Every structure is written in C-alpha cells, then in structure tokens.
Amino acid sequence: MNGEPKCLCPEEIDKLKEFAGISQESSDTKSLAILTFLYLYLSICQRELPSLDIAVWSELPTGAGLGSSAAYSVCLTTALLTAYGSICCPLEEGANTGRWTADDLNLINKWAFQGEKIIHGNPSGVDNAVGTWGGALRYQAGNITSLKRVPTLRILLTNTKVPRSTKILVAGVKEKILKFPTIMNPVLDSIDAISHHCERILDSMAENPSLEHYPVLEELFDINQHHLNVIGVGHPSLDRLCQVTASHGLHSKLTGAGGGGCGITLLRPDTDPAAVEAAKQDLRTCDFECWETNIGAPGVLLHTSSSLKADVLQIFKRL
C-alpha cells in the first residue's frame, strides 16, 4: 500500500479518533497531529508495525500560515518511509546531509498530501510540495510545477500571532464566489495575472538581478494585498502590519491563508538597515514577532546529528 497512498474515508478517521481517545468534534492542533501520525504509520508500515521513538520539534509557529502542518507531514512521511525501507537512506559516507531521488520525493509528496488532507480537509497540495521539493512552485488549476530560476529575495517575516483556520477561510472564499460570481471571479482573474507577472519578473531577476525590478515587485505586493482583502482573507492585524512597514517605505502582504497569521515584507538590497530595524521595533510594539530571512530552501533533507546546531541537539535530548 505504501506505493500509492489511499485517502481515508470519514468512517476510518472516526475509528482512528476512537482508538486515540479523541472526541469526534476535536480539531485542535495536537489531535490533528496525532491522527495524521496514526494514518501515516498504519498505512506506510501496514501489517509489519515496528516499534519507533519519534520526536517532533519545530521552529515554525502553528496556525500562522507558514506551512507548519505540511512540514510536519513531509518530515513524518519521510522518516516512516525511510524506516520501513520504502525509500533508501540518501546519506553518503562523510556527508552531513542527504537528498532523496526524484522518484523518492514524488512518493514522499503523495503521502504527505494525504496527511495534509486529514489536517485541512481539502488542501491545494502546494505546502507539502514546497516542503518536499523546496524552491518556488507554480500552482494553477490543481497543477504544480517547479520554477526553474528563482532569485534570492530578502524578506521580513512577521507573525501577527492571530490564530486562524485555513479550512474556515477557504470555505468563506468559496461562499463569496458562489454569492457574487460576477464580482469575485474578475478579482481572482486579476490575482492570477499578478502571479504570472510576478513570475516573469522573478525570471528576469534571476538572469539580471538589477534594482529596477524591485519597484515593480513592491507594486505587485500592494495590489495583491488589496485583492486578498476583497476576497475576505484579510484581517485588521495584517492591515496594521502593512501600515507600519509602509511608514518606513517598505511593502508587505499576507502569506498563507490570511485571516491573521503571517505577512511578508520585501527588503530591497539597498534598503537602509536602520529602516528595517525601526520597522521591526514598531512591529514588536504591536506584539508581533519578526524574522529576517530569504525566500527559497532545498526542501526535505536528512541530517546527521553532527550537522545540527547545538541548541537544536539540546532540545531533542530533552524530548
């Protein structure tokens, strides 16, 4: 069964809840994580159920639009497939990290998507695909493809700490589309056009990383954020985030499902460090959390213990 994942029916999910002592109405993070583990463990390992000690730790805040559930599903899937022998250990002698083959990554992605379905109901598959493959992806009409050339972009990532549910937000957008199709569909078409325009800009930046591209990206950020408010996934906390960063000459938008959670702020290479620090201080005054980081990462990797930071090793030792 570990070759082609099987989607659980509602009756099977109810049985897992009963086995784990989880109430039928429960939808908290811990319960969903346990259900996802049980599904993946029982499905991937099938009848030969090995005894395992599994420790889970994450730097990603949950419910903030950063794909923490997908990261969980991808890592859990990869660990179980490797432990069961469905995929090979990718570490070569003397290497600190290892990357699985394309075929193995495809299998990981399929199983992780099923885990995401337990958590979110009807996810797009984007988050687990990014967690598996890394980099940047194009999602259109259910089809996901990797962007071949993506420049390194500096961003300020801000967590508003406002919890939200992707499932509820997606349902709200669908309801608006059904209620106002002639109004909402043109907005969605415009968001699609923004994505295509942004992709062309990113492709040009990968070839010629000139500062002239940044004003266009900043304008696309602003337009996109207004559109996302129109379709109903904005939040006063995200409006405040955009206002604070705009007061320092920076441009921001929500990331993830919206409704709170996180936003990203584009940092040009020539951005004054003092302006960034001032923006971070003002955001922290709003009780937000901020991190400077870059867009893009390699996706799921196997790490040796010697390659992990000392503070991370200490955390695992305490688990």
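# Close-up views of the predicted model

**View 1. A salt bridge at D270.** D270 is partly exposed, at 45% relative accessibility (buried means under 20% relative accessible area, exposed over 50%, and partly exposed in between, with a 1.4 Å probe and protein chains only). Its partner in a salt bridge is R268, and the closest N and O atoms are 3.2 Å apart (a salt bridge is a side-chain nitrogen of Lys or Arg within 4 Å of a carboxyl oxygen of Asp or Glu). The structure holds nine salt bridges. Please keep in mind that this is a predicted model, where local features need pLDDT of at least 70, side-chain atom pairs count only at pLDDT 80 or more, and totals for chains, interfaces and linings use all residues. Residues are numbered from 1 along each chain as its sequence is written, and side-chain values use heavy atoms, with hydrogens and water left out.

**View 2. E292 and K280 meet in a salt bridge, with a distance of 3.2 Å from N to O.** E292 belongs to strand β7 and K280 to helix α10, so this pair ties together parts that are twelve residues apart in sequence (helices, H or I with at least four residues, and strands, E with at least two, are DSSP runs numbered from the N terminus). E292 is partly exposed, at 39% relative accessibility, whereas K280 is buried, with a relative accessible area of 10%. Look around this pair for R154 and E277 too: salt bridges that share partners join R154, E277, K280 and E292 into one network.

**View 3. Two loops are tied together by D287 and K161.** The two residues form a salt bridge whose closest N and O atoms are 3.4 Å apart. D287 sits in the loop between α10 and β7 and K161 in the loop between β4 and α6, so the bridge connects parts that are 126 residues apart in sequence. For reference, α10 covers 273-285 and β7 covers 289-294, while β4 covers 154-159 and α6 covers 166-179. D287 is partly exposed, with a relative accessible area of 49%, and K161 is also partly exposed, at 40%. The backbone deserves a glance as well. Most residues other than glycine have a negative phi. K161 has a positive phi, near 70 degrees, and D287, likewise not a glycine, has a positive phi of about 70 degrees.

**View 4. T160 is found in the loop between β4 and α6.** T160 is buried, with a relative accessible area of 5%. Leaving aside residues up to four places away in sequence, T160 touches S237, L238, L241, G260, G261, D287 and F288 (a contact means heavy atoms within 4.5 Å). The C-alpha atoms of T160 and C286 are separated by 8.4 Å, with the two residues 126 residues apart along the chain.

**View 5. F37 and Y41 form a stacked pair.** The structure holds two aromatic pairs (rings of Phe, Tyr and Trp, the last by its six-membered ring, pair if their centres lie within 6.5 Å; planes under 30 degrees apart count as stacked, over 60 as edge-to-face and the rest as tilted). The ring centres of F37 and Y41 are 5.4 Å apart and the planes lie at 10 degrees, so this pair is stacked. Both residues lie in helix α2 (residues 29-45), four residues apart, which is about one turn of the helix. F37 is partly exposed, with a relative accessible area of 25%, while Y41 is buried at 15%.

**View 6. Y39 and W111 form a tilted pair.** Here the ring centres are 6.1 Å apart and the planes lie at 45 degrees, so the pair counts as tilted. Distant parts of the chain are linked by this pair, with Y39 in helix α2 and W111 in helix α4 (residues 102-120), 72 residues apart. Y39 is buried, at 2% relative accessibility, and W111 is buried too, at 0%.

**View 7. Helix α3 packs its buried residues against α2, α4 and α5 (126-133).** Among the buried residues of α3 are S68, A70, Y72, V74, L76, L80 and L81. The 17 residues of α3 (residues 68-84) should span 24 Å at 1.5 Å a residue, and the end C-alpha atoms are 24 Å apart, which agrees (the expected span is 1.5 Å times one less than the number of residues). G85 follows α3 and has a positive phi, near 90 degrees.
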